[in-house]
Amino acid sequence: MKLTAKLIEELVSELAGQDVVPLVEALRNKSNVSELKLAEQLKREINTIRNMLYRLYEHNLVSFTRKKDKKKGWYIYYWTLNSNRVKDLIAEVKKQKIHRLQERLDREQQTQFYSCSEKCVRLDFEESHDHGFKCPECGTLLDVENNKHIVERLAKTISEMQKELDELQKEEVPVKRTKVIEKSVKKKTRPEKTAKGQKSAKNTKAKRKISSNKKSTKKKRK
Ligand SMILES: [Zn+2]
């Protein structure tokens, strides 16, 4: 499974909203794209574009660098899609889905289900016993259900998804970075002093950065 436009679209619309999808497409396979250019390309107001970018930034899906416009005195922001982060999140979502399916499969394999000929209900032994082994819907006798096809279908889906996940994790995402981006990335990934809760500390840091960034943008742009 490649990191396709469709996979990216699914993830991005789930995390940041459907409206952000064209923006992500515009950022794909590029680096340091000016937000002014994005606004022009997508024919949206600059503030709308910024709002979308912040939503992506909140999930660490984009990174930025900025340059001061010497004539106008304000900052212009340049954005890059974090393809590796996108890939990691897609893999994460897939892992969770596999986990839920595995739980269902376990239950199917460990439980003896009972159903009537009309398949109105599926009950485990205890529930069937409570109903005197009669269908609570149609009243006919409940019989042991053969769930072999359900087990097989679940097992097949899990193995397919696992294969997709393995392929995705094998795939190297080419990262194009300018020197400026390298610098900002280095800063971000600087190891925290405490090993414990390193991830959350990093997240908080990123959030703080964005909020201060928002403030300074407001001040400077008016
Ligand atoms: Zn029934």
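Colleague: What share of the contacts with a separation of 6 or more is between residues 24 or more positions apart?
Modeller: That's 58% in this protein, with a contact meaning C-beta atoms, placed from the backbone, within 7 Å. Mind that this is a predicted model: local features need pLDDT of at least 70, side-chain atom pairs count only at pLDDT 80 or more, and totals for chains, interfaces and linings use all residues. Numbering starts from 1 along each chain as its sequence is written.

Colleague: OK, how many helices and strands?
Modeller: 9 helices and 5 strands, taken as DSSP runs numbered from the N terminus (helices H or I, at least four residues; strands E, at least two).

Colleague: Which residues have the most contacts inside the largest nonpolar core?
Modeller: L56 and V62, in a core of 23 residues. Such a core joins buried Ala, Val, Leu, Ile, Met, Phe, Trp, Tyr and Cys through C-beta atoms within 7 Å, buried being 20 or more other C-beta atoms within 10 Å of a residue's own.

Colleague: Which element gives the largest share?
Modeller: Helix 4, with 5 residues.

Colleague: And what does L56 touch?
Modeller: A16, V20, L61 and V62, leaving out residues up to four places away in sequence.

Colleague: Switching topic, how do helix 1 and helix 5 cross?
Modeller: Their axes (lines fitted to C-alpha atoms over the stretch in contact, angles from 0 to 180 degrees between N-to-C directions) come within 10 Å and cross at roughly 80°. So they're roughly perpendicular, the label for 65 to 115 degrees.

Colleague: Which residues meet there?
Modeller: L7, I8 and L11 from helix 1 meet V86, L89, I90 and V93 from helix 5.

Note on methods: A residue is buried if 20 or more other C-beta atoms lie within 10 Å of its own, exposed if 12 or fewer, and partly exposed in between; C-beta atoms are placed from the backbone. Two residues are in contact if their C-beta atoms, placed from the backbone, lie within 7 Å. Angles under 35 degrees count as roughly parallel, over 145 as roughly antiparallel, 65 to 115 as roughly perpendicular and the rest as oblique.
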